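Student: Could we go through this one together, a piece at a time?

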There are 2 protein chains.
Amino acid sequence: MTQQRISPIKTATAPARGPFCLVAGAVAFVGSGPGDADLLTVKAVKSLQQADVILFDRLVSAEILELAGDSAQLENVGKEGFGPQVSQEEICARLVAHAQAGLKVVRLKSGDPTIFGRLDEEVTACEQAGVAYQIVPGITAASAAVAGIGQSLTQRGRNTSVRFMTGHDMKGFADHDWAALARPGQVAAVYMGKKSARFVQGRLIMHGADRATPVTIVENASRSDQRVLETTLDRLPQDLAEAAFDGPALTLLGLAPRDSAAALYDLQMELA
Amino acid sequence: MTQQRISPIKTATAPARGPFCLVAGAVAFVGSGPGDADLLTVKAVKSLQQADVILFDRLVSAEILELAGDSAQLENVGKEGFGPQVSQEEICARLVAHAQAGLKVVRLKSGDPTIFGRLDEEVTACEQAGVAYQIVPGITAASAAVAGIGQSLTQRGRNTSVRFMTGHDMKGFADHDWAALARPGQVAAVYMGKKSARFVQGRLIMHGADRATPVTIVENASRSDQRVLETTLDRLPQDLAEAAFDGPALTLLGLAPRDSAAALYDLQMELA
């Protein structure tokens, strides 16, 4: 392949300044964060207030949808739950149709749309139809989960990289560079990792990971019904089965909650 | 090592509900996001409004500091810039002293404090002093950068994991699992990667990476002076030197900007 060099400096993607506003006939892909409405970005709140139509996912919480303007049309395109499933193709078609009808369209995705959000298919649909779009990043589940246990995803002298990964891909369980992940001090956030817990455990132990490696699973991160399971690699599948989480869960490999992480919560409860 | 199992289900870190408020005598570690004030979370805005004292970093933008309440005391503890440098020890000592004086303390860190934010040293200082704290996650630079070029950090059928890494650690250039990173379709976000660009390039090519692998560097992501450099692994060090970025820059390995990413910006400029 010959080396390519196109437009070495592009400045065109700089954001517009002045008050943020949605554009009629365009789509904003907006991250709704992990669930707590206070973890929306200001831009996400403005998007919800200004939208003519909002297509939202199953995992977007009710308290967030309440921020939509009175005249906004809300469309549930969640892949599970009540009502018939809306296919990815149908979602793409609706986004384009609404935009071409001149509406201010918000596509609300839980977490950060750029991380395990299946964003590309929808952006490509806009691109192919000549529909303008923008992406408003959101707080991803890993950030909320780790904040909730008083830890960091990276730490000087411990890990100079962190991985965000899924337990499965289109072909089944996803393969990763297990040998690197198995080393002491590594940290990874596994999205949608409940079903693949035993697989991930097996691969890591096979590649020499310490069975006592701390693992924390945070269900409903940032929400009022958040639950935290503190375990080790050794006991991960059993403890996870016992916890019987039914909400979205984020697995933090290599991290245990700080005991002090709960102190402020207790303080706030006293004050409330 | 014997297997350990402590408090398998902890619910204590669930966030307090009702209106968010800072607690006197406690520290809130707050992510200020990549620079655009509209990318603050609602919780971060409320924190700034309620704080008695705000300790902020060099990279926190002026438009964000303007959101602080009128009576808030602002302390620049940036590691560079005008005035004498404030050491990490001094920052920790000040956080604890302000909290013990009964103030509502905000420690404002650019991006997400849990990602390359040197958060742990300060949390540990609070912990050791018996000072309660909470962590408010922020939008990390990688999310803002990738949103600005119309791309995703993960994509079905392309990559089931993404790495956030630094080019250097305490001992010099940081080593990573280069062989895994060198594979086609891998995506990584390199923080503070300007100085290590040639090192990263060398390691990846040595491990078989395609020299034509797309690389995008986003300077001042989300800010009005954002600049995007589109290049390839082959030309990374030269093009980066030529661009002479002096703002914070985020390197996206494995991603090129979508041409369509600029369309909405142009539209908004027309409307403004």
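**A helix, a sheet and another helix**

Student: What follows α4(B), and is its phi positive or negative?

Tutor: Helix α4 of chain B is followed by B:Gly130, whose phi is positive, near 70°. Helices here are DSSP runs (H or I, at least four residues) and strands are runs of E (at least two), numbered from the N terminus. Keep in mind that this is a predicted model, where local features need pLDDT of at least 70, side-chain atom pairs count only at pLDDT 80 or more, and totals for chains, interfaces and linings use all residues. Residues are numbered from 1 along each chain as written, chains are lettered from A and ligands numbered from 1 in the order written, and side-chain values use heavy atoms, without hydrogens and water.

Student: OK, which residues of α4(B) are buried?

Tutor: In α4(B), which spans residues 119–129, they are B:Leu119, B:Asp120, B:Glu122, B:Val123, B:Ala125 and B:Cys126. Buried means under 20% relative accessible area, exposed over 50%, and partly exposed in between (1.4 Å probe, protein chains only).

Student: And what do those buried residues pack against?

Tutor: They pack against α3 (88–100) as well as the strands β2 (27–31), β5 (105–109) and β6 (133–136), which belong to chain B, where contact means heavy atoms within 4.5 Å. The helix α4(B) lies across those strands, β2, β5 and β6 of chain B.

Student: Switching to the sheet, in what order do its strands run?

Tutor: Five strands of chain B form an open sheet in the order β4-β3-β5-β2-β6, with parallel pairing, and two strands count as paired if DSSP finds at least two bridges between them. The edge strands are β4 (73–76) and β6 of chain B, each of which pairs on one side only.

Student: How many bridges join β2(B) and β5(B)?

Tutor: Five bridges join β2(B) and β5(B), in the parallel sense, and the partner of B:Gly31 in β5(B) is B:Lys109. Helix α1 of chain B (residues 42–50) packs on this sheet too, touching β2, β3 (53–56), β5 and β6 of chain B.

Student: What about α5(B), is that mostly covered or mostly uncovered?

Tutor: Helix α5(B), residues 141–148, is mostly covered, since seven of its eight residues are buried, including B:Ala142, B:Ser143 and B:Val146.

Student: So what covers the buried residues of α5(B)?

Tutor: The cover includes a strand of chain A, β6 (133–136), together with β7 (161–166), β10 (187–191), β11 (214–219) and β13 (249–253) of chain B. After α5(B) comes B:Gly150, whose phi is positive, near 75°.

How values were computed. Axes are lines fitted to C-alpha atoms, for helices over the stretch in contact, and angles run from 0 to 180 degrees between N-to-C directions.
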